[in-house]
Amino acid sequence: MSHISAFLRALRRSIEVRGGGLRGIAGVIERTWKMLRALGPGGVLARIQSAGRTMPPALMPADHYPFPPPFASDRNMLRVGVVVHMFYPDLADEFAVALSRMPLPFVLLVSVTDPKAEATVRAAFASIEGAQRLEIVRVPNRGRDIAPLLVTFREQILQLDVVGHLHTKKSLYTGSTQDRWRTYLVDALMGSRERIEWQLGMFAAEPKLGLIYPESHETVPLSGHTWLANVAAARTISVRLGVTIDPDAYLDFPAGSMFWARVEAIRPMLALRLPIEAFPEEQGQLDGTLQHAVERLFVATVRAGGFLSGVLPRDGALALTLEGARNWHTYFASPLEERIGAATIDSAFISLDIFDTLVQRPFITPEGARHYLARLAEVTLGVTDFVNLRARAEALARHKAGRDPTLGEIYAAVEVLEAKAPADDLQALELETERRLLQPRTGVLAALAPLRRRKLRMVVLSDMYLSAATLREVLPPAVSQSIEAWYVSCETGCRKYDGDAWPMLVERERQPLSRCVHIGDHERADLQQPRSHGMEMPVHVLRASALLEVVPALRPLRIAQGASWCEQLRLGLIANHFSHIADVSPNVFRQGLPITPDTFGYVVLGPFVLDFVTWLAQLARAQGVEHLLFLSREGHLLSQAFERVIAGTSSTRPDIRGSYFLASRQATGLAAIRSADDIDRLFEGTFNGTLGDLLDARLGETATRTVSAAVGAAAMYEPVFLPEMHAVVLVRLTPAVDALLELAASTRETYQEYWREKVGTARPMVVDIGYAGTIQRNLAGLLGHSVDGAYCALDGRARSRLEHVGQAHARYHDGRNSMAPSTVLSHDLLLESVLTASHAQFAGFQPETRTPLYARQEIDATQWATIDSVHKAALRFIDAALSMAGPLSQELVFNPESVQVPLECVGSGRWAAPWLRRVGVDDAFTGRGHIAAAPLPKGA
């Protein structure tokens, strides 16, 4: 039944967006007939099933706030008021019922727009129980419900602690008349006495709570959660509000402008003292007015003041989240190829945006690419402050040309502003960098392939400073070869964003927009504007960066303000990876984002490993280290990554070597025994099993046979529990001490030969993921001199184990001087499992031949195939990052905290990776046996 009801809702929305009533039904029937002709019954059925899929539950934001329980009404001392704009007085009785549910005394402030309405409303509201004061004011029909809130009742609201805001909304997002949106919002806020009590109780219990509003109604599209046409209006007041406007951001805001607000949290908006004349006269505007801008500024203003905004879930539960879902799931209902195919059934031609649609840069934002270019300009041409210079030059060139300037005009302006600047060289550098960085958006190109086979005309329509000739020069051939015409604003003088490009397109192509389908990523320029000019169904291609804002599971990855170009590159490559999945397999996102081994390698492990080995290279150079020894088995992938980094960052002969070094706690522990006192430390930590099992795990099979001969075979089966039986074990081993020392001496001599062969006279440093530094200590003991080490993380045990054995450095966490939580230590088994090599644990050398010996192999071919795919994807990320960084690859450094976030997403279960249950590590050292990298779900 849920599938049927979901389909009916989708059908109702389709009718509504086509005008509603008979006109809307006729439009849907016509559309369905066209789809039947183009897709056949099977294709139409598949789309019906897609529409009937239910929405998955929204994931909680990573920064979910632990709200306290609400205060009961008898503890709530807040001064409460409700503002209601009654534009439709016929709804007075409906609102009177809702307001009668108020559990606290309140002030009721009502605005109406004509005298008759005032009488109707007064009659309905006069007897509302709990209303301490009823004030009804007739207002001009300007600013809709927002002007009464911020202008008419400003002074009254400033006397309150909490204010509710309601109005008689009758329209859908599309402008069609409908009651469902209003009913949903009013019910969410005031559906029962208990609901109101709970919400007001939350304000009383949590002083930081500034706003409560319902999740967006289902009719508000994902693209509606952007600034759309409201950027200019918002910018006029944003500075006074202390709010920064990002015109491309996805927003949380109370769509429909009904909410509860703490007056102190919205005080900056009231302090604007906007005059009524600031709001435009009512003309049925759907967007682009001051009231639409203000609606989108409530949450931003609250957050800017240090308050929290709480979103009520759509299912009616009494709970709050810090961020809304924004109807994100609607975008992922079907693959891009299917959406484009359905939209172009009877199209005459296709217009296409370029950047973020046909091609992608590897940086998460255009600013990241510009700062990268600036650094290149500084390193190669000695130009400083390039970002500012180019921005000034572009503004000058735009003013002079009266349109978007060309790249040549921009660099002509550079010469005007800075006569000594090498303008020609800078322009050549920018073009060459674009040519190197731009990559095809393969999912979009694949979705366009059927249209090419239909020989459908494709044209580019872009707001762009690169001319058509330049675009053909710098774009990948796979992108440019199918374009038959290029309409770019720097040549046509017409912009999509401003709206004048669409009539120009009609004139040039000699086809109405109803016969065109536009495909692009910008919600205003590529979606709202073509619709307003008569295009029925433009196709929205979500830009990669927006995925990190839109998809709740990806929000922890969002870019930090002021992030370096290196961080912008890391996140850009990750976002582009996810955008390909969104283009071809969007259902993955609706299923809770289960990630494959390939995605894990590319998104989680690749950036982490690249950051670690880049840090290693810098550390080694600073310490004068000549040879890094990557300890087995986790050093298998690390050593490969290091080779790539050194090759990519050394213009001459590499100054640091890296080698895969055979080592284990077992093998080095035996070789480090020089006296009976050394035996004691081999049995640190925990263990459950028999004495024979313990010796096998800590010293190896040869040592076990040696001890068995000295103490008797029966003793090998005696149970051992460490650390409780530490002293007992040492007593049991007393008869075997001399034999163990003799075996250790032989093992040590073999190991020292291996060290001399590997290291020679170079200054070495051992490298491991961590955690206690046991192998570093053992190596220092068997060599008889100090050994330095570098780690992902060290725990508190390293404080005693690494004392007096050499230097030790940790990239992500050092437990010797920090008790803070550590992502790496929290997910150590996960890291060990995916970093491992194909061979079993190293167990020592054959004394005569120095042949490596290995313990029992715990990784079968199937498991290794999975791990190998993880490694290949990780190396693919590393290759891509180094290639895109190009001449600046030696400066490629990530934020050590941010680079661990994807690991936390997997380790915490935020991203599902069920295949991790099939891989793991063999923890013989503690007697726990094989441990899966990810735990089984509860009940499995």
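In this predicted model, Pro723 lies in the loop between β18 (719-722) and α33 (726-733), and the peptide bond that joins Leu722 to Pro723 is cis, with omega at about 15 degrees. A cis peptide bond also joins Ser632 and Arg633, where omega is about 0 degrees; Arg633 has its place in the loop between β15 (627-631) and α28 (635-649).

Arg326, although not a glycine, has a positive phi of about 60 degrees, and is found in the loop between β7 (308-312) and α13 (336-343). Its relative accessible area of 3% falls under 20%, so Arg326 is buried. Arg510, in the loop between α22 and β13, has a phi near 55 degrees, which is again a positive value in a residue other than glycine. With a relative accessible area of 77%, Arg510 is exposed, because the value is over 50%.

Strand β11 (residues 457-462) pairs with β12 in the parallel sense over 4 bridges, and Leu461 stands opposite Tyr487 in β12.

The structure holds 25 aromatic pairs, and two of the edge-to-face pairs are set out below.

| Aromatic pair | Distance between centres | Angle between planes |
|---|---|---|
| Tyr331 and Phe332 | 5.1 Å | 80 degrees |
| Phe842 and Phe845 | 4.9 Å | 65 degrees |

The pair of Phe842 and Phe845 is edge-to-face because an angle of 65 degrees is over 60. Tyr331 counts as buried at 8% relative accessibility, and Phe332 counts as buried at 0%; Phe842 and Phe845 are both buried as well. Phe842 and Phe845 belong to one aromatic cluster, which they form together with Phe661, Tyr751, Tyr754, Trp755 and Tyr854.

Aromatic rings also meet charged side chains. Lys170 lies over the face of Tyr88, at 4.5 Å from the ring centre, while the charged end of Arg524 sits over the ring of Tyr497, 5.8 Å from its centre.

Helix α8 (residues 193-205) has 13 residues, which at 1.5 Å a residue should span 18 Å, and its end C-alpha atoms are 18 Å apart, in agreement with that expectation. Because 10 of its 13 residues are buried, α8 is largely enclosed by the rest of the structure; among these buried residues are Arg195, Trp198, Gln199, Met202 and Phe203.

Leu134, in strand β3 (residues 131-138), is partly exposed, with a relative accessible area of 24%. Leaving aside residues up to four places away in sequence, Leu134 touches Leu108, Val110, Phe125 and Ala126.

Notes
Residues numbered from 1 in each chain as written. Predicted model: local features only at pLDDT ≥ 70, side-chain atom pairs only at ≥ 80, totals over all residues. Heavy atoms only, no water. Pairing = 2+ DSSP bridges. Helix = DSSP H or I, 4+ residues; strand = E, 2+ residues; numbered from the N terminus. Phe/Tyr/Trp six-rings, centres within 6.5 Å; stacked < 30°, edge-to-face > 60°. Buried < 20%, exposed > 50% of the residue type's maximum accessible area, 1.4 Å probe, protein only. Lys NZ or Arg CZ within 6 Å of the ring centre and 35° of its normal. Expected span 1.5 Å × (residues − 1). Contact = heavy atoms within 4.5 Å.
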